[in-house]
Amino acid sequence: MSFVKELWKFICVRKKFWLLPIILMMALFGALIVLSQGSAIAPFIYTIF
Amino acid sequence: MTVILGISAFYHDSAAALLVDGEITAAAQEERFTRKKHDSGYPALAIDYVLSEAGLSLDQVDQIAFYDKPFLKFERLLETYVAFAPKGLKQFGMAMPVWLREKLFLKDQLIKELRKLDKQFDAEKLLFGEHHFSHAASAFYPSPFEEAIVLTIDGVGEWATTTVAVGKGNKLDILKEIHFPHSLGLLYSAFTYYTGFRVNSGEYKVMGLAPYGEPKYKDLILEKLIDLKEDGSFRLDQSYFNYATGLTMTNRKFSDLFGEPVRKPESFQLTQFHMDIAASVQAVTEEVVLRMTKSLAKEYGIPNLCMAGGVSLNCVANGKILRSKSFKEIWVQPAAGDAGGALGAALSVWHKELGKPRKVNSSDSMKGSYLGPLYSQQTIEEELASCGARFSSVTEEEMLEQAAQALADGKAVGWFQGRMEFGPRALGGRSILGDPRSETMQKTLNLKVKYRESFRPFAPSVLREDVAEWFELDGDSPYMLLVDQVKQERRRQMSKDEDQLFGIQKLNVKRSEIPAITHVDYSARIQTVHQHTNPIYHALINKFKEKTGCPVLVNTSFNVRGEPIVCSVKDAFRCFMGTDIEVLVVGCCILNKKMQDSLLIENYKEKYKLD
């Protein structure tokens, strides 16, 4: 719960309300991805994310 | 007493740093303890170490500062994906699970880890600083300047890739920023990738390769890839790059522009083309930073410059900034990469959050960057004995005499003294040393000791008081972050035939009285050794000077290619036994390779993944 509060505060401070629908969608899809995968470690060339 | 713990982790080069009443007490990278190069995990061992160094436990720490803001980074990612959509779907699919499972909940993860050390840990103690502010703080607060321009340049933090700040007293404010995807660090990394080296560790190799080539492609890069303005600000043409949305740094259009495909690491030979490419991106990088620094000096009229961020480890560019005389003095944070962010985050809390005044220390607040573990003579002897080492314990005077003699005899000497260095450079605490006058030393050290590419140059350590007699530099460079030329009168005149040589052929020509550290363009990455920060190393070089007349030593980090620099006595012994280091000096213990049990020799060459 504290995470959601902090994320909301962050969005308010940054005035990035347009990101909300994306984050909500991602939370939904994310839950699916997380549930369907064993590991989330990405062997990526450069850790820019 | 106020104790602040700084942490950098979860991206690359995890580290911990500890401030006690504003004084930098200890700092170390996690990789040194876990023996995993560029370890990015939670720095549990580094935190253990910094706390134990101060004799404190976590419940005595007042504030904990993390070096960047994960939510801001997440915002940048989302906006980047939206901006580039529908491109980047694959990267998005790979990045989001990591974020949704781990990185978004970084605060919870930190709290969970910290509660392993202190069950009552109060989450309110945890603060998050901005990535580039942490870099700027690590550069300005320990610097010897009351007032300075602070320039930070790296790949990317949250949004910023380059920032300009002004520091005065305990105030530090960022005034200008360049944002992702326009990044000088990522431009350099793109060429690192293109020339077949590993991104985020092979950049040094590109810099070392550059003097073998001609900057033939500099104009092409300036014309097509980067729109560089007079004040040094820039934009990159993203149609040539793939890092914002793809799984590589560059794309087909980039390769077509230069006419060759990306070099496959370790399978395709380096050719003159790659050397010319390296020379070109190095020249462009220098052009960018020189324009920036010139314009900043003019705009603000402040005579001092501080720098941090990965690009500040480009010591060739740093040397050119110094010689351009835009600024009277330059100070570069020795842990300029992300590890130094731990220190910067802690310093920001002390000065900015708590508003504590700053005392300018003209001698060296970073204590020579010797901020890591120290081993007593007794511990050294116990550890060596437990490894099965055969050694003799002597007085300090005898140790210096024998070490200097071994060096004068042309032997490679492992040198393990005092506290370990913080940052990527070995500065005479955990070093492999050699005689710079030897014509074969560079090749021997590269191929038989370090197991790395023969083209890579070595750096000199020189007594501060003698630097001007051997190099064009006449100032301090205690952290090996400035490159300058070997003094004209120490150079050897080239014959006509030698002058005609190209590329890697240049390597075998003796260029000066100290060929082992003279790069093919007569440059050297200089470390000035100061009596007050490292008296024992200073004494060793002095002893070597008494024997040979030369106050310079070859100094390379105590490790092999792909291995983190040794931290403990046992690490040093293992590296000694796995390489052609002939003599190992640990504290006042001396070990000769010939005397060791041959059963303890291990195949070290294959032990570490190539970097």
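Trainee: How many bridges join strand β6 of chain B to strand β7 of chain B, and do they run parallel or antiparallel?

Mentor: Keep in mind that we're looking at a predicted model. To read a strand pair, look at the bridges and the direction. Here, β6 (residues 147-153) and β7 (residues 160-168) of chain B run antiparallel, joined by seven bridges. For a spot to look at, find I153(B), which sits opposite T162(B) in β7(B).

Trainee: What is the strand order in the open sheet of chain B?

Mentor: Follow the partners across. You get β8-β7-β6-β11-β12 in chain B, five strands with mixed pairing. The edges are β8 (171-179) and β12 (329-332) of chain B; each has a single partner strand, so one side of each lacks a neighbour in the sheet. From one strand to the next, the twist averages 20°.

Trainee: Which helix lies across β6, β7, β8 and β11 of chain B?

Mentor: That's α11 (residues 272-300) of chain B, which runs at about 155° to β6(B).

Trainee: On to domains. What is the area buried between domain 2 and domain 3 of chain B?

Mentor: Read an interface by its area, then its contacts. For domain 2 and domain 3 of chain B, the buried area is about 1,800 Å², with carbon and sulfur atoms giving 64%.

Technical notes:
Residues numbered from 1 in each chain as written. Chains lettered and ligands numbered in written order. Predicted model: local features only at pLDDT ≥ 70, side-chain atom pairs only at ≥ 80, totals over all residues. Heavy atoms only, no water. Pairing = 2+ DSSP bridges. Helix = DSSP H or I, 4+ residues; strand = E, 2+ residues; numbered from the N terminus. Axes fitted to C-alpha atoms, helices over the stretch in contact; angles between N-to-C directions. Contact = heavy atoms within 4.5 Å. Buried area = accessible area lost by both parts, 1.4 Å probe.
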